[in-house]
Amino acid sequence: MADYIIAIDQGTTSSRAIIFDKKGSIVATGQKEHEQILPKAGWVEHDAAEIWRNVQEVIGLALGRADLTRHDIAAVGITNQRETAVVWDKTTGKPVYNAIVWQDTRTQEIVDRLAADGGVERFKPIVGLPLATYFSGTKIAWILENVEGAKEKAEAGDLLFGTTDCWVLWNLTGGVDGGVHATDVTNASRTLFMDLETLEWRDDILEVFGVPRSMMPEIRSSSEVYGTAESSSLLRETPIAGILGDQQAATFGQAAFQKGESKNTYGTGCFLIFNTGEEVVHSKNGLLTTVGYKLGDQPTHYALEGSIAVTGSLIQWLRDQLGIISSAPEVEKLAEQVEDNGGVYIVPAFSGLFAPYWRPDARGAIVGLTRYANKNHIARAALEAVAFQTRDVLDAVNADAGVDLSELKVDGGMVANDALMQFQADVLGVPVVRPVVAETTALGAAYAAGLAVGFWSGLDDLSANWQEDRRWEPSMDDAERERQLRLWRKAVTKSMDWVDEDVK
């Protein structure tokens, strides 16, 4: 009998394959980074063909390191960077343009054009999202409007759209030779095109964006068998049985299955998700309404989400653009060499400000600089920016939910940073809790796939797997917390109103 599940985690900076056992423990991992293509200010692209090659490679790496074959794998789960848009030719299998990444802001003119009739919340009562460059819909529209011949091919039914889960699934199940063109409800809920109540594409909204319905994948649940891996794959004949967008996958991996439960993932960006159960809750405080998960024919679970564009990528910026550090872990060592931030605050609005502000006109700012400030203060301010942004989002969640969160479950790469986690607890004023398995994004996809094929019997099995690894209690006094938050919010205002007609 197959004793393992493999999860493909197609993320913003890398693709990974992680093999899990029945206890939800990691058996082996394969990982490979892909190029971040930055053609212009605000433009962020990936080579979708490179991503697919890397996915195949990391599957081989994980299987090899675990000394396993496809016969040992019960099912495949997929999780992914959600709003990143891939448009490809279904007859050649080749993308017509690079994947446009969720962080990309080039589509602001399309957003403004669409918002001219009804404002940025024009479709929000239906889709749960404001008009913003963040989501897939404007990215598809940009490709159709700007790539030569794309619009004509799309109207002829020759082009397909997918977020990267859909791209991986299509290729893994055969590509041009019968590949399955489908996505799950969580990814579909990030396009601007899916009706939250019916879980169907809205033809009227597609028409407004100029996107043919024929491009769109079939919307399926998060946990069912979509197809099997094709014959040339190392996983041939293995069922692909789970798909969840990365943040919903992390919530699922944290066993936050019930109304009122939440988690925060610290990755390239930062994403706090609060489970609202079977109820669609529309935010009054700048949060997104999204699908949390749907298991087969069971009722849909919804969520409120606070999305922060730049957290882990701020540390990458210190490494790659400024050269202050040579590897991400060094930022903690630098930060620990000073007692505080020296009055320095960093607002990393590289792609504008996401939740709860939604200010595309904002740009990154470093404020409070004096001759006293050094690279240690800048490193500390970068870490603190992550925690401050999370506090802003949590305040919005508390306001919408009407119940204050008593503790915050955390996951993602940055939770290994003890200094950040302690400061996070301090500025929140509630405990921060890290699970034993911090790779909850991949784990959530594995769980969804395993449930579909009977590898796990139900949610109780998954809840029993969750174990606490470490807990950080707040140690900052109330007066200092309020002082820090006041200065942070002052810094945020300095980043706004930067982009105008002369500055793009």
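Glu155 and Lys151 sit four residues apart in helix α5, about one turn of the helix. Helices (H or I, at least four residues) and strands (E, at least two) are DSSP runs, numbered from the N terminus. This is a predicted model: local features need pLDDT of at least 70, side-chain atom pairs count only at pLDDT 80 or more, and totals for chains, interfaces and linings use all residues. Residues are numbered from 1 along each chain as its sequence is written, and side-chain values use heavy atoms, with hydrogens and water left out.

**Salt bridges**

A salt bridge is a side-chain nitrogen of Lys or Arg within 4 Å of a carboxyl oxygen of Asp or Glu. The count comes to 36 salt bridges.

| Salt bridge | Closest N and O atoms |
|---|---|
| Glu155 with Lys151 | 3.7 Å |
| Asp395 with Arg391 | 2.9 Å |
| Glu305 with Arg82 | 2.6 Å |

Buried means under 20% relative accessible area, exposed over 50%, and partly exposed in between (1.4 Å probe, protein chains only). Glu155 is exposed at 55%. Lys151 is partly exposed at 35%.

Asp395 and Arg391 both lie in helix α12, four residues apart. Asp395 is partly exposed at 28%. Arg391 is buried at 13%. Elsewhere, salt bridges that share partners join Arg82, Glu83, Arg190, Asp246 and Glu305 into one network.

Glu305 belongs to strand β16 (residues 301–308) and Arg82 to the loop between β5 (73–80) and β6, so their pair ties together parts 223 residues apart in sequence. Glu305 is buried, with a relative accessible area of 0%. Arg82 is buried too, at 2%.

**Helix α4**

Nine of the 11 residues of helix α4 (residues 136–146) are buried, so the helix is largely enclosed by the rest of the structure. Among the buried ones are Lys139, Ile140 and Trp142. The buried residues of α4 pack against several elements, including α2 (108–115), α5 (150–155) and α8 (203–209). Contact means heavy atoms within 4.5 Å. Beyond its neighbours within four places in sequence, Ile140 is in contact with Ala85, Val87, Phe161, Phe193, Val211 and Met215.

**Nonpolar cores**

A nonpolar core is a set of buried Ala, Val, Leu, Ile, Met, Phe, Trp, Tyr and Cys residues joined through side-chain atoms within 4.5 Å. The largest has 111 residues. Those with the most contacts inside it include Tyr134, Ile140 and Phe193. Helix α12 (residues 375–401) gives the most to this core, with 13 residues. Another core lies apart from it, with 35 residues, among them Ile6, Ala66, Leu68 and Val76.
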